[in-house]
Amino acid sequence: MNRIFLAAMFFVLCTAVSAQAPKGKVIQGNNAAPAPKTAAQPTEKSVQPIDKAYTDSILKNTTEKFFLTELIDHLPASDKVPTPQKVLGYPIGEPNKLTYTKDQYRYYRELAKATPRVMTFTAPEKSEEGREQMLVVVSDEANLAKLARYKEITAKLADPRKTDEAAAQMLISEGKAIYWLSGSIHSTETGSPEMLMELAYRIAVEDSPLIQSIRKNVIIMITPTLEVDGRDMMVDLYNYRKANPGKRAPGLIYWGKYVAHDNNRDSMGMALALSRNQMSHFLDFHPTVLHDLHESVPFLYTSTGTGPYNAWLDPIVIDEWQILAYHEIEGMTKRGVPGVWTHGFYDGWAANYMFYVANGHNSIGRFYETFGNAGADTQDRTVQAESARDWFRPNPPLARVKWSMRNNVNMQQSALLLAMSYVGDNKDKFLGNFYLKSKRSVAKARTEGPVAWVFPADDPRPASAADLVNLLKMQGCEVQKLTKDVETKDGKFGAGQLCRSHGPTVFPHGGHAARYAVLQRE
């Protein structure tokens, strides 16, 4: 019961968003943005040479032509930058092939050695079983040379108390959209770690107008595999099944160490290293979008939710979910791809999903669900309820389909390219919205409250209070010490020390409105 209360209170504290904007000029926000640019129409192809053997594999392993788009039906050739096939020994989407995390990382490091358009970083914490987690950043080399500056810009936009409107407008014009792709938090959902390797290569190498525009306007963050322990267990299990046909195989009881599907319910509690790493990366980059990649329904669901939407989220982010989802649906449908839809999955309320790392800090959190085969087999599949036509699914998935890993890769990668292109082309709109949501968030402390929460020294559970303070700090919430007695309509609070810290400390909050006073009475 106490855990439930603390979690609920924590979410209320840390989202702290209001629909009431402060008075004054609105900066390139949701209501003042120019007409958005679009890349929903089929795009011009590059004349760049292609890697024929790799391209042949794409075409061969795609089960129907309508699961291809001009965005991904080829792979450009490079005599300097290695394709996944050159490092791994097989192209992405090859049947019966899943890649261990160490081999994924080996590929990304080779990619970073070969091109200044790719950088790799190691997450602050190792997993519970001692594996490292990698973060990859891909963009134009000029953008990566100024990466620290672009991170500084988004950090300043996150805190409107320190950034006035005139300064924000200049930062918005100078800044870049940051789009974060996070692969496979759920270990049985095997496609995104494969797809992301090919996508990183494509963005780094291809010279089509669309890819050049993405490289120029967007900094792409990639978490190749979020649940690294479970991924390697899943590859072990899949390889055992392939090597021992007909033998009974064990199930994947846990995906991480003593955690399974509920690893995606940890964005408030931060009990897992993967959650803490995600939060740390968010507070370092303040990305415009955090995009989780899942696999559970056919063929591609792009998240908006059915409602009720969480009232602590700014309505602007609900609108941004819709804008991006319908841009992807339009773009994929115009290309003849069936089964791309939204609305009829997930509610939009629950605050403990991993993508609330973004939604709870005034960025955009979203996700895909695609069709996966829990491995790399090609299977005949029957689609049940999702094959029905509905108002939110006018172009439904087929009732019967031969489904391959390559189909899954194609669907994810095509839609992501459309989304990243749209966000990049309209980066001023989305950066402006980020600043505006942060501004409205801060205003809530005065327009609605609460202004602060106080933790008294005589709390009968001091250890629990200290744990909560540390959790707030980990989430990027601002924690301060009262240096003198304060009297409010709610009572009088005496000066004291910051709980479990050494003197007055302020922690950047990434746009949260409520300010938190933590005191220990003398």
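Reader: Which residue forms a salt bridge with Arg202?
Author: Glu198 does, with the closest N and O atoms 3.2 Å apart. A salt bridge here is a side-chain nitrogen of Lys or Arg within 4 Å of a carboxyl oxygen of Asp or Glu. This is a predicted model, where local features need pLDDT of at least 70, side-chain atom pairs count only at pLDDT 80 or more, and totals for chains, interfaces and linings use all residues. Residues are numbered from 1 along each chain as its sequence is written, and side-chain values use heavy atoms, leaving out hydrogens and water.

Reader: Are Arg202 and Glu198 buried or exposed?
Author: Both are buried. Buried means under 20% relative accessible area, exposed over 50%, partly exposed in between (1.4 Å probe, protein chains only).

Reader: How many salt bridges does the structure hold?
Author: It holds 30.

Reader: What does Asp232 meet in a salt bridge?
Author: The side chain of Arg131, at 2.8 Å, N to O. Asp232 lies in helix α10 and Arg131 in the loop between β1 and β2 (134-138), so the pair ties together parts 101 residues apart in sequence. Helices (H or I, at least four residues) and strands (E, at least two) are DSSP runs, numbered from the N terminus.

Reader: Is Asp232 buried or exposed?
Author: Asp232 counts as buried, at 8% relative accessibility. Arg131 is partly exposed, at 25% relative accessible area.

Reader: New topic. Where is Tyr254?
Author: Tyr254 is in the loop between α10 (228-243) and α11 (273-285). Tyr254 is partly exposed, with a relative accessible area of 41%.
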